[in-house]
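Open the model in your viewer and keep the sequence panel beside it. This tour goes stop by stop: select, look, move on.

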Amino acid sequence: NYGVSYGSVTLKSLQNDNIPELDLLVRESIQNSSDASLNIPGQSYSVNFTTGKFKPADFNSFLTDIETDLNSRFPGSSADFLEIRDSGTSGLTGCVRKDEIKSDDHGNFFMLIYDTGKRQTQANAGGNWGFGKSVYYRVGIGIVIFYFRIKSESGFESRLIITLVENEQKKNPDGSDGTILNKIEPLSAGKAWWGIREGEDLLPLYDDEFIKGVLDVFGLSPFSGEKTGTSIIIPYIDSQKLLSDIIPDDADIRDDVKEVFTNVWRQTVADYLRLSIQKWYAPKIHNLYLTNYSKKWLRASVNNVAIKKSDLLPFFHLVQELYNTALAKTYGKEYASGSFSGIICEPVNVRNYFDGMTTGFLAMIMIDNDSLNCNQNVLSPYDYIGHYEADGGLNEPIVLCTRDPGMVIDYPITGPWVKGITPPEDQNLFLFGFYMPIIDKKLKHNLSVVEYADMPFGEYLRRCEASDHMGWNDPAKMQLVARIQKNCV
């Protein structure tokens with residue numbers, strides 16, 4: 001069987017109900033795109049988010065067995081969709097038949113479409129494909145279209161498959177069955193796929209004309225020329241619910257801040273995506289400096305409008321400058337920010353785990369409000385990162401960190417990264433730090449915890465992440481991250 005776990009298990013597997021779904025979607029999708037760019041030539045990779053409307057009946061006609069139910073659920077003439085499309089990436093490569101699967105590598109297609117919880121095996125990749133992908137099914141009603149184009153030995157191939165993952169126990173408010181699949185398959189596991197049945201295999205569709213017909217429903221174009229990449233289309237998103245989830249009803253946020261935030265960043269899904277992409281990927285957005293270290297920068301856009309370096313909010317521009325400073329040090333280089341003076345960078349040392357004590361570098365700055373915002377009329381940094389309660393009180397220090405994919409792990413204002421740091425007494429001052437590990441450095445080959453001996457530090461940190469990538473937590477036998485956090489403080 002494909003995807004042996006239940007839909008309800010997959011939907012809960014992301015282990016995070018604490019940040020907005022749109023944030024989870026941005027984090028996961030761009031990280032997957034980053035992974036898919038690793039073996040493709042070029043200095044950058046592109047990710048574009050498209051929001052729009054489609055006619056439900058036109059799309060539902062492709063979904064045999066559930067078309068009638070969907071038409072009754074969505075009788076209107078239009079519904080909302082969201083597409084995430086990357087290019088400068090490989091597309092979903094790998095086998096599509098069960099008997100071709102390798103025990104040590106299921107391939108990207110199988111891991112994203114069918115597997116749950118299979119670890120990425122690619123060096124410097126983001127994490128577990130299997131759990132993070134559940135956010136795609138959480139954003140809409142569980143239907144996701146995966147369209148991708150790969151380069152094969154015979155040329156270029158387009159493929160498309162449609163997946164449905166739902167909570168098989170879902171009930172309507174009146175107590176009746178709220179699922180889609182139970183109506184056609186009682187006691188369904190909450191998972192279904194639409195493709196080509198061939199013996200024991202369910203294969204993606206290869207027919208370019210058919211694929212074009214599906215894309216036409218959403219006004220989207222196929223990949224062309226020599227472009228490869230992946231398009232993930234999520235129909236039936238509830239735009240208003242996604243936007244309302246951004247600021248919880250009981251959030252400790254000032255009325256004037258909420259009004260500005262809502263008017264600028266919560267009018268449309270596209271508005272918030274432009275903020276969320278900056279929040280989690282500021283280190284990589286239009287960061288041409290990365291090419292000095294053979295790292296790719298991110299060409300991000302929303303509705304085909306690019307987010308350039310000059311578009312970054314001042315705080316996220318500072319995040320990028322702190323990142324560059326710490327990153328350069330991990331390569332034995334120096335980076336002098338042309339935008340923010342006063343950044344200092346120090347090694348973070350820990351004994352007993354490496355040959356040599358330095359685990360990475362911490363770039364830090366104490367900065368006043370005017371220097372940070374360059375006289376722009378913007379909100380407090382705490383509002384942009386969702387810590388509304390910190391706005392207007394003591395200016396809580398923040399220590400960020402990331403691995404090689406360049407996604408900010410979190411913006412902690414409490415916990416071990418900042419515990420014991422005295423906030424600036426002057427409310428006009430902020431204290432920020434960014435820790436960058438030396439990811440290629442190997443743990444000792446004679447480490448007492450043998451399962452981590454000789455392991456690259458970046459791989460160790462990846463194993464310390466939960467499925468949502470929101471933090472690093474040592475396994476029980478290790479204290480490496482805990483010591484790094486203490487020494488950062």
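Select Ser-90. Ser-90 is buried, with a relative accessible area of 16% (buried means under 20% relative accessible area, exposed over 50%, partly exposed in between, with a 1.4 Å probe and protein chains only). Ser-90 sits in the loop between β2 (79-87) and α5 (107-113). Helices (H or I, at least four residues) and strands (E, at least two) are DSSP runs, numbered from the N terminus. Show the contacts of Ser-90, with contact meaning heavy atoms within 4.5 Å. Leaving aside neighbours within four places in sequence, Ser-90 is in contact with Ala-36, Ile-40, Asn-108, Arg-149, Ile-150 and Thr-228.

Two notes before going on. This is a predicted model, where local features need pLDDT of at least 70 and side-chain atom pairs count only at pLDDT 80 or more, while totals for chains, interfaces and linings use all residues. Residues are numbered from 1 along each chain as its sequence is written, and side-chain values use heavy atoms, with hydrogens and water left out.

Next, Phe-81. Phe-81 is in strand β2. Its relative accessible area is 3%, so Phe-81 is buried. Which residues does Phe-81 touch, not counting residues up to four places away in sequence? Among them are Thr-50, Phe-54, Phe-218, Leu-220, Ile-233 and Pro-235. Phe-81 and Ser-33 are 48 residues apart in sequence and 20 Å apart in space, C-alpha to C-alpha.

Now the charged pairs. Side chains of opposite charge can pair when their charged atoms come close. A salt bridge here is a side-chain nitrogen of Lys or Arg within 4 Å of a carboxyl oxygen of Asp or Glu. By this rule there are 18 salt bridges.

Select Asp-69 and Arg-73. Their side chains meet in a salt bridge at 3.2 Å, N to O. Asp-69 and Arg-73 are 4 residues apart in helix α4 (residues 67-73), so about one helical turn separates them. Asp-69 is buried at 15%. Arg-73 is partly exposed at 32%.

Move to Asp-391 and Arg-254. This salt bridge is 3.4 Å, N to O. Asp-391 lies in the loop between α14 (381-384) and β13 (398-401), and Arg-254 in the loop between α9 (239-244) and α10 (255-265), so the pair ties together parts 137 residues apart in sequence. Is each partner buried or partly exposed? Asp-391 is buried at 18%, and Arg-254 is partly exposed at 41%.

Then pick Glu-334 and Lys-329. Their side chains form a salt bridge of 3.0 Å, N to O. Glu-334 is exposed at 61%, while Lys-329 is partly exposed at 23%. Elsewhere, salt bridges that share partners join Arg-254, Asp-256 and Asp-391 into one network.

Select helix α12 (residues 314-330). α12 has 17 residues and reaches 25 Å from its first C-alpha to its last, close to the 24 Å expected at 1.5 Å a residue (1.5 Å times one less than the number of residues). Of the 17 residues of α12, 16 are buried, so the helix is largely enclosed by the rest of the structure. Just after α12, find Gly-332, with a positive phi of about 75°.

Last stop: α10 and α11. Phe-261, Val-264 and Trp-265 in α10 meet Asp-271, Tyr-272, Arg-274, Leu-275 and Gln-278 in α11.
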